[in-house]
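The tour below goes from one selection to the next.

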Amino acid sequence: MADIYVYITHKNGVADDSALELLAAAHKIDASAAVTAIVTGSGADLDKVADALAASYPKVLKFNQVALAYPNAEVVRKLLVNILPANAVVLVPHDTFGMDLSPGLSIKLDSTFVADVVDIEALDGSDLKLIRQEYAGMVSTHISADIAKGAVINVRPGSFAPDESQSASGSVEDKSVDDSDLKVQRTFLEVVEAEMGDVDITKSDVLVSIGRGIEDEENIEIADDLAEALGAVVSCSRPIVDAKWLEKSRQVGTSGKTVKPKVYIACGISGSFQHMGGIKGSPFIVAINKNIKAPIFQVADVGIEADILDFLPEMTEAIKAM
Amino acid sequence: MEILVCVKWVPDTAENEIEVNRDGSDIERDDLVYSVNEWDNYAVEEAIQICDKVGGNVTVVTVGDEETEEVLRREMAMGADNGLLLHDDAFDGSDGRGIATVLKAAVQKGQYDLILTGAQADDGAAQVGGMLAAMLDYPYASLVNKIEVDGDTLKVGREIEGGNQEMNAIAMPCVLSIQTGINEPRYVGIRGIRKVASVEIPQQGVDTLGIDAAMVGAIGARVKRLDYFVPDLGEGAEMLEGSNEEIIAKLIELLKAKGGLK
């Protein structure tokens, strides 16, 4: 078995949740593997992250360089190609950074790439068996990956329970490479923060959230009516924002807002993992969807198989009549 | 500007309930409604808008067969200038790397300043654009939701967590994967589709592209799908049954108990 490396993403001096999830994933590939964390950045925040990681990882490779201050995937890829040994197995979170980094990394390393892995079953020789989802999470599939030449494996955030044992008492190694080895054709300029919008959906205890099932912009008023009757706020999934029917600030999901309501009423929302990733704090989830196969029914507390265009107005009337 | 957009004809998850077939070897393909991969429509629209502004041509390319060639006609009906079908039995069973290998050969046969893909397709891997860029040694940016042309450089926005946008300057030629919401893809009527129905679409295969057949298809694949299944995820939601009236009465009680209704 080749060495396993985990690329750590971090912000404000704290490692991302994926840091310990990927450690668990690495041990599922090989329970006895000595797993090495790679962390890049610059300044005191990086030191803090690296020191904290040493509690969980036997070895932490720390790259503290100005060129790595912002995680530009093009730069990080160059670094990793420079420093990783042949046939390495690298785990990366399947988030907006990992999606940017990993497919190209696998080509440059001439290793095998597997995207968005939700579970790891077994390693038999160089044949790694994993589980992925396809078709917006409606079906799953077993994957066989030949990792004889190494692998880059992107792991879906939240799909492995974090390894919180802190049993490593590892060491941090200061590493560096020549800045001239990190020159790329893509320059990071700035991060433009999301606009606040007219309503702060993160402040509401009850959300009436709409998805594709609303079908038409004109139908949004049936969600507005229900929200008004409940004293709730209307939020939505990505397709509604893509269609420009509601502002981006109303979107729940990893690419939108993270919400922590008491009650989440998902109306005509299929329940992709990107959407569910924006719902925290274990709210009571009600799913209303005419497609009984929608993944939302697997994560909701209560499900109703119905067309929201009929169901929501009836529900609004019933609440008003109370 | 010469722009190549890589597109795919896929089962439409908004129009179909995707089910596993009897022996788990595939999804049930009978009566499936196919459409252009949603992300690809945004990529083609973006390419057309760029060429409207700075001049140039949009070519759409797919790895497929005579049936999936329909995706090229749809995008040409939208306004793409040329279509290119990469078809060979040797491509069957390709993994992401195999598809990228085929596309790389097609890119090298042309002269493109910009290559766009959708951010992902039906298998949700989001991998071909990044692989293609690495094979070509072009810079890459994924999940792009804004493009501004500035000479030989593009200013691109990437969608990152929390609805924030990461701005980058990227040199051309480059590969970008396009996120939904970057624009509003134009609607194509039946008349537009009829107009391009009989346009001859050029085809290329292993020989004309100069590809080593051992690097693509099932033979070249290092990642293989063993089966499809629907995972047993425990109980799932408690389904409320009965008439709408009964369901609503139960739901109101539940909402009261959970703090959703005062």
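Two strands pair if DSSP finds at least two bridges between them. Strands (E, at least two residues) and helices (H or I, at least four residues) are DSSP runs, numbered from the N terminus. Keep both terms in mind for the stops that follow.

This is a predicted model, in which local features need pLDDT of at least 70 and side-chain atom pairs count only at pLDDT 80 or more, while totals for chains, interfaces and linings use all residues. Residues are numbered from 1 along each chain as its sequence is written, and chains are lettered from A and ligands numbered from 1 in the order in which they are written.

**Stop 1: the strands where the chains join.** Select Val302(A) and Glu238(B). Glu238(B), in strand 13 of chain B, is the bridge partner of Val302(A). Strand 18 (residues 302-305) of chain A and strand 13 of chain B run parallel and are joined by two bridges.

**Stop 2: chain A as a whole.** Colour chain A by secondary structure to find nine helices and 18 strands. Its C-alpha atoms fill a box of roughly 70 × 40 × 35 Å along the principal axes. Then colour domain 1 (4-182) and domain 2 (201-320) of chain A separately; these bounds come from an automatic or database domain assignment. The centres of the two domains, taken over C-alpha atoms, are 34 Å apart. Six residues of domain 1 of chain A are in contact with six of domain 2 of chain A.

**Stop 3: between the chains.** Show both chains: 73 residues of chain A are in contact with 70 residues of chain B. On the chain A side, strand 10 (residues 139-146) gives the most, with eight residues.

**Stop 4: the cores.** A nonpolar core is a set of buried Ala, Val, Leu, Ile, Met, Phe, Trp, Tyr and Cys residues joined through C-beta atoms within 7 Å. A residue is buried if 20 or more other C-beta atoms lie within 10 Å of its own, exposed if 12 or fewer, and partly exposed in between. Select Val5(B) and Leu103(B), which have the most contacts inside the largest core, one of 128 residues. Beyond neighbours within four places in sequence, Leu103(B) is in contact with Cys6(B), Val61(B), Val63(B), Val128(B) and Leu132(B). A second, separate core of 49 residues includes Leu207(A), Ile214(A), Ala227(A) and Ile304(A).

**Stop 5: Thr153(B).** Finish at Thr153(B), in strand 8 (residues 153-159) of chain B. Is Thr153(B) buried or partly exposed? Thr153(B) counts as partly exposed because it has 16 C-beta neighbours inside 10 Å. Not counting residues up to four places away in sequence, Thr153(B) touches Ala169(B), Ile170(B), Ala171(B) and Met172(B).

Methods. Two residues are in contact if their C-beta atoms, placed from the backbone, lie within 7 Å.
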